[in-house]
Amino acid sequence: MRISLALTIAVTAATFATAAAASDVRILNLPDKLQGTWAPSAEACTSAGQERLDIAARTFGMPDTACDIAWITVTAARNGPAYSARSFCTQTRTGLKEAPSYLLITPLADDTLLVRRPMGSSPADPVTYRKC
């Protein structure tokens with residue numbers, strides 16, 4: 001009896017652990033709908049300020065930083081997919097390489113993204129970006 005109960009618990013735990021891990025998928029490129037120039041406001045689209053974010057299939061950049069994407073993980077979320085891009089960035093002015101970091105992107109409705117920029121970038125909190 002104890003052996004069958006222990007076996008049932010082990011099989012159930014393994015099933016749930018597998019289901020949770022199966023929601024993450026690695027992809028090679030960011031989807032076309034995420035690519036382009038993004039900014040928190042229409043004014044930031046036309047200015048050369050620090051707020052613009054340029055996203056391509058395997059790279060992204062801000063006015064002071066250029067980043068190469070090593071891999072992208074897509075996670076299923078309640079309101080749609082969430083993208084996590086593992087990146088290696090270089091400061092464009094100094095050429096200084098930064099520590100590896102993640103760009104986290106959650107697409108919202110109406111050509112908007114919720115973005116958490118890499119560590120060390122400003123702002124560190126999530127920002128809503130609109131497509132320029």
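## Overall composition

Of the 132 residues in the protein, 27% are buried. The model described here is a predicted one, and its accessible surface comes to about 8300 Å², with 61% of that area belonging to carbon and sulfur atoms.

The protein has two helices and nine strands, and from the N terminus on these elements follow the order α-β-β-α-β-β-β-β-β-β-β. Among the contacts between residues at least 6 apart in sequence, 38% join residues that are at least 24 apart.

Once residues up to four places away in sequence are set aside, Ser87 touches Phe60, Cys67, Asp68, Ile69, Ala70, Pro100, Ser101, Tyr102 and Leu103. With its neighbours within four places likewise left out, Ser84 is in contact with Trp71, Ile72, Thr73, Tyr102, Leu103 and Leu104.

## Ala66 in strand β5

Ala66 belongs to strand β5, which runs over residues 65-77.

Leaving aside neighbours within four places in sequence, the contacts of Ala66 are with Phe60, Gly61, Phe88, Cys89, Thr90 and Thr92. One of these partners, Thr92, is 26 residues from Ala66 along the chain, and the C-alpha atoms of Ala66 and Thr92 are separated by 6.4 Å.

Phi of Asp110 is near 60 degrees, a positive value in a residue other than glycine, and Asp111, which is not a glycine either, has a positive phi of about 55 degrees. Are these aspartates buried or exposed? Asp110 is exposed, with a relative accessible area of 72%, and Asp111 is exposed as well, because its value of 53% lies over the 50% cut-off for that class.

## The salt bridge

Side chains of opposite charge can pair when their charged atoms come close. How many salt bridges does the protein have? The count comes to one salt bridge, and the pair concerned is Arg52 with Asp54, whose closest N and O atoms are 3.9 Å apart. This pair qualifies because the criterion requires a side-chain nitrogen of Lys or Arg within 4 Å of a carboxyl oxygen of Asp or Glu.

The relative accessible area of Arg52 is 24%, which makes Arg52 partly exposed, and Asp54, at 31%, is partly exposed too.

Key: Residues numbered from 1 in each chain as written. Predicted model: local features only at pLDDT ≥ 70, side-chain atom pairs only at ≥ 80, totals over all residues. Heavy atoms only, no water. Contact = heavy atoms within 4.5 Å. Buried < 20%, exposed > 50% of the residue type's maximum accessible area, 1.4 Å probe, protein only. Helix = DSSP H or I, 4+ residues; strand = E, 2+ residues; numbered from the N terminus. Areas by Shrake-Rupley, 256 points an atom, 1.4 Å probe, with all protein chains shown as cover.
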